[in-house]
Amino acid sequence: MRILSPSMAFRSLYGPWVVLPALTLEGVNLLNRHHPYLGEGAWTVDWLAIPLWIIGVVAAGVVAIDVARLLRPGSRHLVLTATHRSRLLLWATAWAGGPLLLVHTLTLITALVAGRVNDPSVGWAQMGAAYSVQCLGLLWFVALGGLIGRFIPPLLAGPVAVGAAFLTVLALSGASAGTPAFRLLNFGGATITLIGLRWNLAYLGVQALLLIGSGLFAVLVIPTVRGARLTLRWPALLTLIVIVAVIASATRWAPPGHRTVPAAAAAPTHCLSRAPVICIYYEHRRDAATIAATLTRLESAANRAGYSALVSDRLEESSRTYTPTRAGTRGFPHPSSLEDTGTLDPNELATSLLTPLTCPQLRDPAKPPPDSYWLNLESVVATWLHLAGLDPASAMAGDPEHISDKLSAQKVTSILQGFAQCKLTE
Amino acid sequence: MFVRCTGSMTRYRSGFVLGPIDLTFAEGITCLVGANGSGKSTLFRMLAGMQSLTGGGVEYDDHGSRRLGFLPQSPELPGRATCREFLHLVAWVQGVTKARRTDAVQEALAAVCLEDRADQQIRELSGGMARRLAIAQAIVHDPAILLLDEPTVGLDPVQRLSVRESLHAAGQGRVTLVSTHLLEDVRGLADRILVLSEGAVIFDGTIQTMEDLVPEAPVAGQSLLETALTLLIRSAE
């Protein structure tokens, strides 16, 4: 008979059943928001981190109950007097953590296969590192639940572990991800493309070390009976205090920087042979037809109407680190409307193409461009949409007066020449 | 092989003190008798290493390894597992090698006459069978030291008899301690009796020497052993 036989584990423990909420949450997340991550390896891995904290909190509660049940007076001898004292608790913990890892791995494989990810720009090794840290995070929650279950009766262990896990999520996850501080439980959760970024391996390395160290302690520590209570021996208690202190102070000593950092700038390589040439990143090739159709419609309309300033030789998707600067080439980021709703907003695309991204004024939050810049931009975008037979009013939330008037070709040229020279203040 | 307590002592916050106890337990069945609250279960936990000592120590001579079987007073068994599955798990926890595990489980089931119930779910067993299974989990790894805390409590007379037979078979060839407050268990099992009262050992001997403590005929309605125990506990108070 195999000790790892699932039948006994499923009949004797609650832990393996955590696979059901995990499957549900991972499945819902997989299909959420028209699965915009599909095709992009890095984004897929990061996207799959979205439900991990909920799964972790639930798993911590369930494992705490299992471990507390195994340490009731009628069964604790199988831990406290056994030849291998940690085996029974490891068995219970593994039967919660193992299925969770399986579900997470299968979800990732499903997403990668469905997205036909075969050559991720970030590299398989980077993806593997980020995925491994996510798995360690899931196991860490399981270990946390087991640690709490060692000292609290089964009825209380579940709620206490859920509460404790939730508090650790609040304290140690990416709630304040805007700051470049280290967060032990920040496993990702990107809702926009990650092209142009790579993971900070030093950050992931410290995360992995802390998760493994503290997780192993939580899984292997054996309590002792003092009076009628289960407690820790002094060396174990001191170790626990040190671990908590190390984790709590990690924001001070861990390597500075975000979890993701800029990657080397790279131009998109998936180009469509049209006039103009349209290039997008290979990872976004499934959106190529949609984006190209709208771009071609805009460009053709401007060309026909003689608005030469709106016409480009080449249109390239930009990234966090790449913005096309060659003459005759305009850039546009991966449209957020596609990411959010699954349909492309022409206004967004036109605005992206006309926005002078290289101008420093647009990157200085302390000194934003004047209102006149925004009015000019909206007027030109509205003109372009008019030319393409698209209704700017339905697509734009601006002042109806200036988006209903079509600017002359000369005026558009003048405004765009100003943008090209970064003169945004006139 | 033996277990030796040297000045072993433990103290509860409630004020209850067990010990200091200086005893050596050798091969054979020793019954530990005493009223409720006399410290029997505490002494068992102390011997099993599950209770922190406030003084003294417990020494095990088991040829280098401490193979200990323990039956708690109210064993918690996984009701939805089968007897065989549960014993396999315990055997693994107790370090029985994979090659030996199936035989060890079969032998433990045979020792408590549960072979025909091996693949039955534990929740379907009667109280007596469940207690025999609990004994099987204590011996599945062939421990040198076996501690059985109130193994027959809560059972009807027929179940008690069958459990006692299992205990007798299980207790042979090892250091076996049985805690009980049922003197019929003592008569059927013990090579040696220890009487505990308010945390102290007040008698250590055989059934015969304990019965010899009764100077006259036993009290009406009591056996010689019961009268001896009553006398011992009263004199200790």
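In chain A, 16 residues of domain 1 are in contact with 17 residues of domain 2; contact here requires C-beta atoms, placed from the backbone, within 7 Å. On the domain 1 side, these residues comprise seven nonpolar, six polar and three charged, where Ala, Val, Leu, Ile, Met, Phe, Trp, Tyr, Cys and Pro count as nonpolar, Asp, Glu, Lys and Arg as charged, and the others, Gly among them, as polar. Domain 1 of chain A covers 2-262 and domain 2 covers 270-420, with bounds from an automatic or database domain assignment. Their centres, taken over C-alpha atoms, are 43 Å apart.

A word on the source: this is a predicted model, in which local features need pLDDT of at least 70 and side-chain atom pairs count only at pLDDT 80 or more, while totals for chains, interfaces and linings use all residues. Residues are numbered from 1 along each chain as its sequence is written, with chains lettered from A and ligands numbered from 1 in the order in which they are written.

Now for the sheet. Four strands of chain A form an open sheet in the order β5-β6-β7-β8, with mixed pairing; strands are DSSP runs of E of at least two residues, helices runs of H or I of at least four, numbered from the N terminus, and pairing takes at least two DSSP bridges. β5 (270-272) and β8 (329-332) of chain A are at the edges with a single partner strand each, so one side of each has no neighbour in the sheet. β5(A) pairs with β6(A) (residues 277-280) in the antiparallel sense over three bridges, and H270(A) stands opposite I280(A).

How values were computed
Contact = placed C-beta atoms within 7 Å.
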